[in-house]
Amino acid sequence: TSNALFELTLHRSFPEARIRVIDSTRGSTGCGYFQQKGNVQKYILRYKPHLLVIGGISHGFAIEPIRDVIQQVRKKSQCAILILTPPIAPQDFLEKASYGARGDLRPESLHVFREFPAKLEKMAADERVEFYDMRAHWLEYLRQSYRPASYFMRDGVHANIRGKVI
């Protein structure tokens, strides 16, 4: 998500605003890592954000660590919080990821993939933070483009330059 340079789009919409994006991430960890002692301060609060955006795909489809990070931030900051769904996950990728080591389909895994956005949205409502379903918009764009998902992907999970523009 950060590679898309969305701050340029924001600046175009709000030319008078001073926008500074701080990409404070730790790859393949998600909120399960950030909720651990001291990490909210180290990776979030020390930057004194006006807006905290929690997105990405590395949360292990676990809602409670995301909730915990939100609650830790709220104790020490008045910043606005935005929760994003994972942006790009073509259906064929989800289906392939739902197969076990022996090649057997694990329907429960596919169910987890499909239900995660709705669970995120409910948690965001419960915590009274903003929510945006990037994946729904990605899928809608994909349907209207008449192109395969691979046209916009560098691999099964990450966007190429065309996908980043979306």
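**View 1. The order of the elements.** From the N terminus on, the elements run α-α-α-β-α-β-α-α-β-α-α. That makes eight helices and three strands. The model is predicted.

**View 2. The whole protein, inside and out.** The protein has 166 residues, and buried residues make up 34% of them. Its accessible surface comes to about 11100 Å². Carbon and sulfur atoms hold 53% of that surface. Consider the contacts between residues at least 6 apart in sequence: 61% of them join residues at least 24 apart.

**View 3. The span of helix α7.** Helix α7 covers residues 134-145, which is 12 residues. At 1.5 Å a residue, α7 should span 16 Å. The C-alpha atoms at its ends are 16 Å apart, so expectation and model agree.

View 4. Met 134, Arg 135, Trp 138, Leu 139 and Leu 142 are the buried residues of α7. Seen down the helix axis, these buried residues fall within an arc of 130 degrees, so they line one face of α7. An α-helix has 3.6 residues a turn, so residues three or four places apart point the same way. Arg 143 and Gln 144 lie on the other side of α7, where they are exposed.

**View 5. The two ends of α7.** At the start of α7 stands Asp 133. One of its side-chain oxygens reaches to within 3.2 Å of the backbone nitrogen of Arg 135. Arg 135 is also one of the buried residues of α7. Tyr 146 follows the helix. The phi of Tyr 146 is positive, near 60 degrees.

How values were computed
Residues numbered from 1 in each chain as written. Predicted model: local features only at pLDDT ≥ 70, side-chain atom pairs only at ≥ 80, totals over all residues. Heavy atoms only, no water. Helix = DSSP H or I, 4+ residues; strand = E, 2+ residues; numbered from the N terminus. Expected span 1.5 Å × (residues − 1). Buried < 20%, exposed > 50% of the residue type's maximum accessible area, 1.4 Å probe, protein only. Arc of directions from axis to C-beta. Polar contact = N/O pair within 3.5 Å; in protein donor to acceptor, adjacent residues only side chain to side chain. Contact = heavy atoms within 4.5 Å. Areas by Shrake-Rupley, 256 points an atom, 1.4 Å probe, with all protein chains shown as cover.
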